[in-house]
Number of protein chains: 2
Amino acid sequence: MQKFILTTLSAGAILGTILCIPAISTAQAKATKSTVEKVFNAKSYMLDNGLQIVVVENHRAPVITHMIWYRVGAADEPRGKSGIAHFLEHLLFKGQKHKILGDLEPGEFSKIVRSLGGEDNAFTSQDYTAYYQSISSEHLEKVMTMEAGRMRGIDIPLSEFASENKVIQEERRQRTDNDPRAQMAEQMTEALFPNHPYSIPVIGWMHEIQALEWADAKKFYDQYYAPNNAIVIVSGNVKYKEVFEIAKRTYGIIKRADTPVRARTTSPPFISKTSVTLQHDSIKEPQFRRTYRVPSYRQDAQASLTLEVLADIIGGGSTSRLYKALVIDQKLATNISLSYNSAAWNDSTLSIIATPVSVDKIDALQNAIDAQLRKIVIDGITDQELNDTITRMQGDAIYARDSLSGPAMVIGYNLITGATLDAIEYWPQRIRIVTKEQIQNVSKTYLNPDQPYKTPYVEGFLLPISEDKGDVK
Amino acid sequence: MQKFILTTLSAGAILGTILCIPAISTAQAKATKSTVEKVFNAKSYMLDNGLQIVVVENHRAPVITHMIWYRVGAADEPRGKSGIAHFLEHLLFKGQKHKILGDLEPGEFSKIVRSLGGEDNAFTSQDYTAYYQSISSEHLEKVMTMEAGRMRGIDIPLSEFASENKVIQEERRQRTDNDPRAQMAEQMTEALFPNHPYSIPVIGWMHEIQALEWADAKKFYDQYYAPNNAIVIVSGNVKYKEVFEIAKRTYGIIKRADTPVRARTTSPPFISKTSVTLQHDSIKEPQFRRTYRVPSYRQDAQASLTLEVLADIIGGGSTSRLYKALVIDQKLATNISLSYNSAAWNDSTLSIIATPVSVDKIDALQNAIDAQLRKIVIDGITDQELNDTITRMQGDAIYARDSLSGPAMVIGYNLITGATLDAIEYWPQRIRIVTKEQIQNVSKTYLNPDQPYKTPYVEGFLLPISEDKGDVK
């Protein structure tokens, strides 16, 4: 399950994998005692049409966040149609028609939300697509009505289709093509997921984006947008029973539909090491990355919980092993972090990102990272490290609970990628019982530098154009 | 167009890309004068059902080679069904039924060919699938009848399907999984063709081979095996008019069918360098490879002809620039070659394969290769080099003409990947007019070591397990 990451729902569309969601947690969190209480005390209800409604009450402010999460993302796209899931997410703001739930002109959805003092947006990942509004509590029925209306009622003027295609092309240019760090991430992901749809970027390849047609978008929409393929989450100043009643009156009108079974191709075994080198004139300082392919929560719950704790110990902030050893003691890097993302339908990733002090220190940095990993594989961790880390992670969870939009995000991306509500609610207790032995075993299985190819990973070298790291040709 | 490579049609199925076809040309060829004659003087005829029949008469021996080339290969497979094109090729030996052309039991096709003193086999590539028999001339009608019968009449006992699946699994094990050189080639091709079906090996990924079903094979067969999607080539001791008559009586019975348009996904632009490192305990000497992605004949005829000449000058045998510089003079490698394959429906490849004298000389070897390429980019080639190379290549063509099965192979893989018959016939003349300027320009465009990313390439390092080339992590 994904660690509780707090999120400020931003005005710009959040795009890419879950890793793109800005984490603002650890630093602000205070340590708290372990507890057997549920984190969110969420209430869940299933409509007859298969739509799950989850409510987290929080009466600190007179506002709510309303989100709908669809179990469809970029990794469900047909071959050659990359970007269609994200494009469709944009198109859903461009007009809808429904004889009971009402009609909306292009742009009218967001205009109404803003006129009521709220804000709305959406984001797409490999595994899900989500739409949300943050608004005063009394407008919940209004936004639910509009959101239900666009679940099956998309109706877009063709002119909007063409102009929005230009918008997403520009989005790709700005976010990826003009950002060598994003390019590097894209190239590494491609290499890390051969024969698997995660190899294709969420926003799509430019040449495929340009060739998308309205029929592609409509077909994708008709296949996947259905109540039985979605989860609605409402957090904030509401009574859960009222939310269920409103949901029945709005979403309840929409009929269940047959949605495709997720049939994704899988990667062959890894038998070689791949590295990617990208030189760019806008890069002044080199960057080194290593991304491992590891189990997601859905694939292996226990390994995933253990990896969450292990990731925090190795690379979570300035008290982590990697930071202390490589930045403070050995001065090989000016920054280094390691993070693990548990929320994926298929394999997850664990990423090391470092800023070497200079290009000629990259080899030494790689060796030093391996040395730190080897230490854990051989000697394990200390009781003190384990306790400190878990206490801090539990504190983050408590902090997440008190945020307004945080609970909807945390519950959303975990539920939609296969966690149960109970697993989310009791995450602090489950994290607490992770043992030193489990951590050492997981490090042996997934991060052992002396087992080449057993753990698939890809390395990336982002270099200034002037300096060639001679040995990485 | 693909250089004239002579081939001994072997008993084992020829699998993989066209590169797998053994070349036995250059050494045996004698230089001959340029000529305006056609190389093969082939005769072509189109049946009403769209099947093209090409005949090359050669009366030196009382035998013929009969081949049928289908315009379908591994790159046309549905996603997740890798290996189905090759599997189907195997299955076509496992039984057929046709009310006019006759029925055959599993294995009976080959048994009949052998009982008549001939041999038969088949091979699959990314772009085509071909079946052939070499046999006494008088049996042409018999093999044409059988070959026509299996074009639409596949009829296989389910038990054969299961056992043949085991056979192709074993084939993958022997040819790829137990051969680190083949593994390396597979990994590099995967990296060189992101988002393109050439990234997937012709034989398929093992886990996908194991999951193939009869319905997959039958659907693929029904879609692609049709007279209008094939070319028949007969070379040897025949009169072309008789061949056309026999073809009408046999293949002419089969109805035209709607075959799918080839719609292949394409790669995004290359913006980074990828390298693949594979260590294996069976490797005693390191190997270095670099594979470029360049135009095929179908994509750019002039560039392709020029690349053929250039490839021969840089890396064709022991008189080539690379061999002389790196093996003889600098002693950095014990062997090095560069080859270009022009016959592909989409992008082609140009490959350098070298055996460095030791692991610690790989960096120097890479730099020395770049230095040789830079020399051609800056200074071009000499008149002498150009003339010698073209004369030798023309000699190969004459030699190919006099072989028995060679003409059918050369015409087959060039026609099926988009060349015209005239382009094949006048290849020696077209090669002769390639200029020094064209060669220098092509080297600038495709092999310039000082234009990073402009020419996509992938490097591979095959290393002994004991020695880590420390800087290629």
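Through which surface do the copies meet? The copies meet through the same surface, because 100% of the interface residues of chain A are also interface residues in chain B. The model is a predicted one, in which local features need pLDDT of at least 70 and side-chain atom pairs count only at pLDDT 80 or more, whereas totals for chains, interfaces and linings use all residues. Residues are numbered from 1 along each chain as its sequence is written, chains are lettered from A in the order in which they are written, and side-chain values use heavy atoms, with hydrogens and water left out.

The relation between the chains may be considered next. Chain A superposes on chain B by a rotation of 180° with 0.0 Å of shift along its axis, at an RMSD of 0.0 Å (least squares on the C-alpha atoms of residues with pLDDT of at least 70 in both copies). This is the relation of a two-fold axis.

At the interface, 34 residues of chain A are in contact with 34 residues of chain B, contact meaning heavy atoms within 4.5 Å. The two chains bury about 3,300 Å² between them, 46% of it on carbon and sulfur atoms; buried area is the accessible area (1.4 Å probe) that two parts lose on being put together, summed over both. Nine residue pairs, both members at pLDDT 80 or more, are in polar contact between chain A and chain B (a pair of N or O atoms within 3.5 Å; within protein, one must be able to donate a hydrogen and the other to accept it, and residues adjacent in sequence count only if both atoms are side-chain atoms). The elements that give two or more residues to the side of chain A that touches chain B are helices H5 (180–192), H6 (206–210) and H11 (362–379) and strand S8 (273–280) of chain A; helices (H or I, at least four residues) and strands (E, at least two) are DSSP runs, numbered from the N terminus. S8(A) provides the largest share, seven residues.

Strand S8(A) is also joined to strand S8 (residues 273–280) of chain B by five bridges, and the two run antiparallel; strands pair if DSSP finds at least two bridges between them. Val276(A) has Thr274(B) as its bridge partner in S8(B).
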